[in-house]
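Let's take a friendly walk through a protein model. Have a look at the sequence and the structure first, and then read on.

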Amino acid sequence: MSKRFSCNKKQTKLIYTVFKKLLKLLPEAYKNIQLGLVFTESKNYKSYQGGYAVSGVINIGTEFVNTYKTSHAIAAILGHELGHHVLGHISLEDENQTMTPGQEQDCDHFGLMICELAGFDRGQYLEHV
């Protein structure tokens, strides 16, 4: 049997609180984006920046959450991944998508903007981008 990893209830609640705060700032068309928690601490799992976006979903890795426990760090990753949805980088037809460096940079800028609008501190946010 393989070992399972998880975030504690406090961390899980923080993730959803930050996610809801950011989602409130988006147009109605994006209110149905779902948030998932992926067990990324196994040796065979490789995540990029702690999370990834696919059609209608943002998945955050437990390794990221267990390493970066502040709302600012969580906002940084969620803001960036929301950017992939809002900026149209997510294709409904292709689940094996590779983002360009330009798309990643655009999402960093989008994430910074939405996090500032939501009241997250810019200096603390930038430590996690």
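Two residues are said to be in contact when their heavy atoms lie within 4.5 Å. With that in mind, H84 touches A53, H89, I90, M99, Q103, E104 and C107, leaving aside residues up to four places away in sequence. The model is a predicted one, where local features need pLDDT of at least 70 and side-chain atom pairs count only at pLDDT 80 or more, while totals for chains, interfaces and linings use all residues. Residues are numbered from 1 along each chain as its sequence is written, and side-chain values use heavy atoms, with hydrogens and water left out.

**Around H84**

H84 sits in helix α3, which covers residues 71-86. Helices (H or I, at least four residues) and strands (E, at least two) are DSSP runs, numbered from the N terminus. Is H84 buried or exposed? Its relative accessible area is 2%, so H84 is buried. Buried means under 20% relative accessible area, exposed means over 50%, and partly exposed lies in between, using a 1.4 Å probe and protein chains only. H84 and A53 are 31 residues apart in sequence, and their C-alpha atoms are 6.8 Å apart in space.

L25 gives a second example. L25 lies in the loop between α1 (9-23) and β1 (34-38), and it counts as partly exposed because its relative accessibility is 40%.

**The sheet**

Three strands form an open sheet in the order β1-β3-β2, with mixed pairing. The edge strands, β1 and β2, each pair on one side only. Two strands pair if DSSP finds at least two bridges between them. Strands of a sheet pair through backbone hydrogen bonds, either parallel or antiparallel. Here, β1 and β3 run parallel and are joined by five bridges. L35 stands opposite I58 in β3.

Here are the strands and their residues:

| Strand | Residues |
|---|---|
| β1 | 34-38 |
| β2 | 51-54 |
| β3 | 57-61 |

**The whole protein**

How many helices and strands are there in the protein? There are five helices and three strands, and along the sequence they follow the pattern α-β-β-β-α-α-α-α. The protein has 129 residues, of which 38% count as buried. Among contacts between residues at least 6 apart in sequence, 60% join residues at least 24 apart.
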